[in-house]
Amino acid sequence: MKILLAGPWTGSLLGELLCWQGWLRAKSRGYNKTIVLADPSHRAIYADFASSVVSPENEPFLKEADRVRPADVPVQWVTHQPVVGGQEFVTLGKVPDEKKYHLTIDAQDCGHLDRKGWARLICKLPDDLDVAWASDGITKCHQIGGEDVREADFPKLLATVLASKVVIGPSGGIAALASVCRIPFITWVDKDHYNLYPTTWNPRATPGIAFRGNPSLKQLEAAIAKMTTIYDPKPEPAYSDD
């Protein structure tokens with residue numbers, strides 16, 4: 001029996017989603033059993049291919065296993081950003097039949113989008129929108145009404161994203177989670193790294209709008225109106241860089 005012992009990933013959620021789990025999924029195809037060392041709360045990321053997910057503190061001694069770590073991932077660097085080829089992606093978890101939230105927002109400070117800026121945006125949106133406010137745990141994020149899931153563990157964060165019609169926020173862990181799970185998204189990225197869209201940072205061609213640099217409130221308002229209007233539970237691959 002061929003056994004693969006992999007991990008642990010110790011970097012950001014963005015890196016785990018776009019530079020590790022897809023590569024590990026593809027690599028696991030050549031093994032009868034795959035054991036992933038990871039925080040058990042991240043089990044859903046590996047559940048479709050891992051035989052088990054074990055806390056790194058409980059790493060088993062398996063002399064016969066092939067051992068891989070994040071340093072073994074073949075990385076190419078494009079504009080100082082890591083790019084990993086040959087990955088396989090799937091939706092993590094189960095998308096509910098009915099959406100609970102119109103929007104999930106990762107409200108980080110981004111230029112004029114400080115707390116006051118986010119508040120002004122929310123005031124311009126329809127009152128009946130159900131909004132969740134999320135964070136990947138790395139950057140401080142704001143909450144303006146709605147449901148606060150900023151301190152949620154990964155299973156709750158994943159459930160929130162899957163239950164959302166549209167996810168909004170800068171390029172990071174939450175935007176990557178939406179992209180991997182094919183939840184429509186609105187994001188923005190540094191102009192120097194924009195060339196990594198729409199392929200590397202949106203590997204499943206999830207419908208989305210990605211801005212070059214920080215968007216204005218008017219641009220975000222228009223993008224939200226567009227994405228919430230065209231939302232389809234099973235959207236065809238599409239991409240826009242409005």
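Modeller: We take helix packing, then the pocket, then the backbone. This is a predicted model, where local features need pLDDT of at least 70, side-chain atom pairs count only at pLDDT 80 or more, and totals for chains, interfaces and linings use all residues. Residues are numbered from 1 along each chain as its sequence is written, and side-chain values use heavy atoms, with hydrogens and water left out.

Colleague: By what are two packed helices described?

Modeller: By the angle between their axes and the distance between the axes. Axes are lines fitted to C-alpha atoms, for helices over the stretch in contact, and angles run from 0 to 180 degrees between N-to-C directions. Helices (H or I, at least four residues) and strands (E, at least two) are DSSP runs numbered from the N terminus. Here H4 (residues 154–162) packs on H5 (residues 173–180) at about 55°, with the axes 10 Å apart. That makes the pair oblique; angles under 35 degrees count as roughly parallel, over 145 as roughly antiparallel, 65 to 115 as roughly perpendicular and the rest as oblique.

Colleague: Which residues make the contact of H4 with H5?

Modeller: Contact means heavy atoms within 4.5 Å. H4 gives Phe154, Leu157, Leu158 and Val161, and H5 gives Ile174, Leu177 and Ala178. They divide into seven nonpolar, no polar and no charged, where Ala, Val, Leu, Ile, Met, Phe, Trp, Tyr, Cys and Pro count as nonpolar, Asp, Glu, Lys and Arg as charged, and the others, Gly among them, as polar.

Colleague: At what angle do the axes of H1 and H5 cross?

Modeller: At roughly 40°, and the axes of H1 (residues 13–28) and H5 come within 7 Å. H1 and H5 are therefore oblique to each other. Leu13, Leu14, Leu17, Leu18 and Gln21 of H1 meet Gly173, Ala176, Leu177 and Val180 of H5. This contact has seven nonpolar, two polar and no charged residues.

Colleague: How many residues line the largest pocket?

Modeller: A pocket is an open set of points on a 1 Å grid over the protein atoms alone, where a 1.4 Å probe fits, with protein on both sides within 12 Å along at least five of seven lines; lining residues have an atom within 4 Å of a point. The largest pocket is lined by 24 residues, with Leu13, His42, Asp136, Gly137 and Phe154 nearest its centre. The lining divides into ten nonpolar, seven polar and seven charged residues.

Colleague: Which peptide bond is cis?

Modeller: The bond from Gly7 to Pro8, with omega near 0°. Pro8 lies in the loop between strand S1 (3–6) and H1.
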